[in-house]
Amino acid sequence: MSVLTLGLTLALAAAVPAKAENAATPVPIGLAVAQTSNAALFGLEQMDGAKIAQARHNAAMGANGTKITLIFRDTAGDEAGAVNAFRTLLETDKVVAIVGPTLSQQAFAADPLADQAKTPVVAPSNTAAGIPDIGPFVSRVSAPMSQVAPHSVRQALRLNPAISRVAVLFAHNDAYCASETATFQEAVKNMGLTTVAVKKFQTTDTDFTAQIAAVLEARADLAIISGLAADAGALVRQLRQKGYAGLIVGGNGLNSTNIFPVCGAQCDGILVAQAYSPDAVAANPANQGFVRDFQAAYHKTPGQFSAQAYTAVQVIAEAVARVEKESGKKAGEFELSALRQAVNAALRSGPFLTPLGEIRILPSGEVEQKDVFVSRIAMNPDGRTGSFVLVA
Ligand code: 1QQ
């Protein structure tokens with residue numbers, strides 16, 4: 001081999017793989033949810049859903065399409081954990097977009113970092129008021145509880161039209177709980193019911209004796225609970241054990257089969273409004289494919305948190321594809337900050353057909369979603385397993 005040929009070969013070896021790699025390098029998307037702490041009761045469901053989205057998208061892109069790769073960073077359940085995960089994803093992993101964090105309480109702390117870095121965040125489960133207002137790079141696919149929660153109260157009244165006395169309980173150290181209880185309290189008033197008790201607790205509480213005494217004393221016939229899975233689940237269990245026999249409406253924090261080990265047989269009958277139903281597959285091929293692949297992978301039916309995390313990854317992956325189509329360039333040919341900004345704009349550029357139905361992210365970052373469901377928890381005789389059964 002001559003020196004010239006060797007030089008050319010080396011030059012080609014340096015240039016060709018770099019270019020090929022550019023075109024083929026998967027687009028990194030951060031998945032910042034709770035893998036540890038009590039919030040992992042939601043976060044693990046989110047991981048399951050996100051992985052199915054990655055697999056389905058990459059399979060659909062075929063041999064030459066741009067793939068995505070999820071980079072998982074544990075946020076745990078507090079603000080500091082979310083801030084750390086976001087910082088690592090933005091600065092070290094150099095992701096194009098972030099799905100997360102699990103809790104609204106964490107989003108208010110961590111999302112501003114991504115917003116300042118002009119990197120899109122798609123919230124998969126933040127339902128408090130004000131999330132999209134954090135900044136122009138923050139959007140969500142999780143419908144706000146202000147739109148979802150009142151459906152469960154309406155359903156409770158349909159099941160028992162005699163309901164008149166309502167007790168409202170909420171965790172006052174959590175942003176979603178504080179936001180959701182305001183919606184519930186307003187709905188109760190609008191429906192002409194009487195609020196006979198409003199009681200606070202903390203998401204770290206394990207003993208609810210004082211709150212339950214107030215509910216029983218007030219002779220409530222409907223109890224409405226806004227908490228996270230571990231605390232709200234324990235509250236439900238203790239409420240039933242102390243003899244409360246009325247209906248229970250649970251907020252989004254009770255929207256997971258992972259509460260079944262917490263409240264056991266006492267979970268039975270809780271009414272929960274949901275932004276997703278695995279049963280709504282008839283007219284929705286996006287949900288059919290998701291449910292099929294999810295069941296094949298995990299041998300269980302997906303719940304709302306899995307479906308929303310799937311959807312968050314899906315809309316980012318499709319936004320990347322839209323950017324490529326409109327620009328005529330591969331994602332790998334963009335400079336990182338240009339790609340982040342183009343993806344943020346593409347997220348807001350039109351409807352997506354997702355397992356949640358056809359949704360749209362408005363220019364404000366708020367999600368527009370048509371379908372809302374109400375389910376009732378039906379526990380099996382073993383007192384450990386059960387399911388959400390659609391009632392509306
Ligand atoms: C929020 C919620 C939680 C229940 C998500 C897991 O809705 O924090 O906004």
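Trainee: Why does cysteine 267 count as buried?

Mentor: In this predicted model, cysteine 267 has a relative accessibility of 0%, and since buried means under 20% relative accessible area, the value falls within that class, so cysteine 267 counts as buried.

Trainee: What makes cysteine 263 buried?

Mentor: The relative accessible area of cysteine 263 is 1%, which is also under the 20% cut-off, and therefore cysteine 263 is called buried.

Trainee: How do you know that cysteine 263 and cysteine 267 form a disulfide?

Mentor: The sulfur atoms of cysteine 263 and cysteine 267 lie 2.1 Å apart, and because a disulfide is a pair of cysteine sulfur atoms within 2.5 Å, this pair meets the rule; the count by that rule comes to one disulfide. The link of cysteine 263 and cysteine 267 is right-handed, with 100° about the S-S bond.

Trainee: How do you know that the span of helix α12 agrees with what it should be?

Mentor: Helix α12 covers residues 304-327, and at 1.5 Å a residue its 24 residues should span 34 Å; the C-alpha atoms at its ends are 34 Å apart, so the two values agree.

Trainee: What makes α12 largely enclosed by the rest of the structure?

Mentor: Of the 24 residues of α12, 18 are buried, and therefore the helix is largely enclosed. After α12 comes glycine 328, with a positive phi near 70°.

Note on methods:
Residues are numbered from 1 along each chain as its sequence is written. This is a predicted model: local features need pLDDT of at least 70, side-chain atom pairs count only at pLDDT 80 or more; totals for chains, interfaces and linings use all residues. Side-chain values use heavy atoms; hydrogens and water are left out. Helices (H or I, at least four residues) and strands (E, at least two) are DSSP runs, numbered from the N terminus. The expected span of a helix is 1.5 Å times one less than its number of residues. Buried means under 20% relative accessible area, exposed over 50%, partly exposed in between (1.4 Å probe, protein chains only).
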